[in-house]
Amino acid sequence: MSRIALLSEEVASQVAAGEVIERPASVVKELVENSIDAGAKKIEVMIRRGGSSMIRVADDGTGMDRDDALLCLERHATSKIRTGLDLAAISTLGFRGEALPSIASVSRFRLTTREHGALAGTDLAVNGGRIEYVRDGGDAPGTQIEARSLFYNLPARRKFLRTENTESSHVEHQLHLQAIGHPGVGFVLINDDRVIHQLPPAANLIERIRDLRGGALAAELLEVPDEEIGGVRLRGFIGKPGVSRSSRAQQLVFINGRAVENPTLNFALREGYHTALMKGQFPVTFLFLDMDPAAVDVNVHPAKREVRFRDPGDVRELLIERIRHAIEGGRAQWSATFRGAERAGAGGEGVDGLEVERGRDLAGVLPAAPPHGPAAHGYSDPPLIPVHEQVALRQDWAALPAQPEAGAPPAAQPVPRSPSPGTGADFRILGVLGLLYILMENGDGLVLVDQHAAHERILFEELRRRMETQGVPAQRLLMPVTMQLAPRDSDWVAQNLDTLQKMGIGIESFGPATWKIDAVPQFLKGNDPAPLFREIIDELRQTSATSSRMRLGEDVIATTVCRHAVKARDVLREPEMVRLIQDLLRCELPYCCPHGRPTMIQISYNELERKFGRKA
Ligand SMILES: Nc1ncnc2c1ncn2[C@@H]1O[C@H](COP(=O)(O)OP(=O)(O)OP(=O)(O)O)[C@@H](O)[C@H]1O
Ligand SMILES: [Mg+2]
């Protein structure tokens, strides 16, 4: 007896539907995409009970005539492609001719549609894939599709649905994607008769972001200016350094208007942010890549969520470069917030737009800030960074008065305000909180600086500069250490000898899988190199899996520095604080530490007034 049988049309449809329609949000996605492809300017989405009881999408797009309304329910019926060649350059969101028949096979389905100018429309119903009726309909031009009792005929599938709240939030996320992807289209989302979103057509992306996500998020974004390079146009907004989320949900990238996921994109975003992103966190992005549809294959995932690039390397490099650029560009904006509002009569020493108040007692103690750049630092020789004993990060700090005796008061340290009339100071140091946070006053209100994070950032950039130029100075060990490594680690060290040596680690081969270390970076002196070296190998090995070679050394430096940077509870005197802030502001990326944590927080007068109830 033969064991193979052809599935009935009904079961075949259900099987096919399983790939496309996973949950109510997938229905919303497919229907909204159809509406957008039909040129709709307004799309209304309505769901009940998380979409499991009802999903309705109504649009004011082209609508369909009677024949098309019937045909669109057939599998592989589409108006969007004609031949196999068209598959190579898809410019619509849909193209498979599968979505409507799939939805119709797993729900109680109703379609009403009418072309603009047509005398009558069509109203038809499908139940579990079988047409129940077709008649004239009198709705407004456009298309309205309703899917009730999703998976009613597939109890196993229905069981996989989550709570109403969870399904609703998936629907909402889907709507967000579509609304961000198509700012010119108006959207309404109604959940159990509650209007969740009412988004008028927006003039541009940022307006849509503001409408959808609020002004607070919009204010945390940097613009990636619209630019086309080599046929790839990139534009949009990304979170400022320090703005991140614990999941990828806010990391939106659209390729030719389609929200997609792609490992190349994920990698490029992370690389672009690099140290501006906290480990384990994900960026917030609203990025649009537009390119020749032939350069990207969208036919790789049943729900069209994934894409494949013809030249992933080009896309990756472009994205990394532009993001890095945007983040660096954000720096000017950032320093501006630390500038005083009233600059009249400013007389302080300007450092990158920052003017530091100098009390009379400090005048003459601080040398004028040297111009930026490694050569200008006046380092003659190492020591590079005397991390252990003090917080001084630059040699000229040595000129500063010594630190207070050990056993200094552990609580907040009041620093005398030094009124200096006529200096028009940009900020004034008020004191230190918990021996960690420097409190400052600027034109906008209160600024809190995380001393530890600030030091890390300064150290990190200093080390990186050193690595790029003459290398990190090494300190010879009295007793060289030999280490035997696992063969894989050993290969790995061999491949990265250059980087290690630039980092000030004197290392050479000493037999099979054995290495001799005879020098360590100077700022680590006193440490037993063996555990440190193992740590570095671990770090380098880990980062090599996730980062490009180019960035390897930097990543390791960041982690090493973090561990060996100034401890949080060092007591700083005012001149040291001033210097710290100056050094920080001179950094390329001053607003966060090498691990992406913020270095400074601004609490504006506005916020204070709100908190104290002076302002609504
Ligand atoms: N809201 C709508 N307004 C006008 N025409 C529509 C609408 N929805 C669907 N159609 C028509 O029905 C056809 C079938 O839709 P369906 O979603 O099943 O396939 P598709 O969009 O072509 O491809 P995919 O399966 O990839 O979504 C579409 O090609 C389109 O011509
Ligand atoms: Mg479709």
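Predicted model: local features only at pLDDT ≥ 70, side-chain atom pairs only at ≥ 80, totals over all residues.
Ligand 1 is surrounded by 22 residues, of which Asn34, Thr78, Ser79, Lys80 and Lys304 are the closest. Sorted by class, this shell consists of eight nonpolar, eight polar and six charged residues. Several side chains place polar atoms beside the ligand. For Ser79, an N or O atom of the side chain is found 2.5 Å from an oxygen atom of ligand 1. An oxygen atom of the ligand also lies 2.7 Å from a polar side-chain atom of Lys80. In the case of Asp59, the separation between a polar side-chain atom and a nitrogen atom of ligand 1 is 2.9 Å. Taken on its own, ligand 1 has 590 Å² of accessible area, and the protein covers 94% of this area. Two or more residues of the shell come from each of helix 2 (24-37) and helix 4 (99-105).

Helix 2 also contains Ser26. This residue is classed as buried because its relative accessibility is 11%, and the limit for that class is under 20%. The side chain of Ser26 extends to the backbone nitrogen of Glu22, at a distance of 2.9 Å. When residues up to four places away in sequence are not counted, Ser26 is in contact with Val20 and Ile21.

Notes:
Residues numbered from 1 in each chain as written. Chains lettered and ligands numbered in written order. Heavy atoms only, no water. Near = heavy atom within 4 Å. Polar contact = N/O pair within 3.5 Å; in protein donor to acceptor, adjacent residues only side chain to side chain. Areas by Shrake-Rupley, 256 points an atom, 1.4 Å probe, with all protein chains shown as cover. Helix = DSSP H or I, 4+ residues; strand = E, 2+ residues; numbered from the N terminus. Nonpolar A, V, L, I, M, F, W, Y, C, P; charged D, E, K, R; others polar. Buried < 20%, exposed > 50% of the residue type's maximum accessible area, 1.4 Å probe, protein only. Contact = heavy atoms within 4.5 Å.
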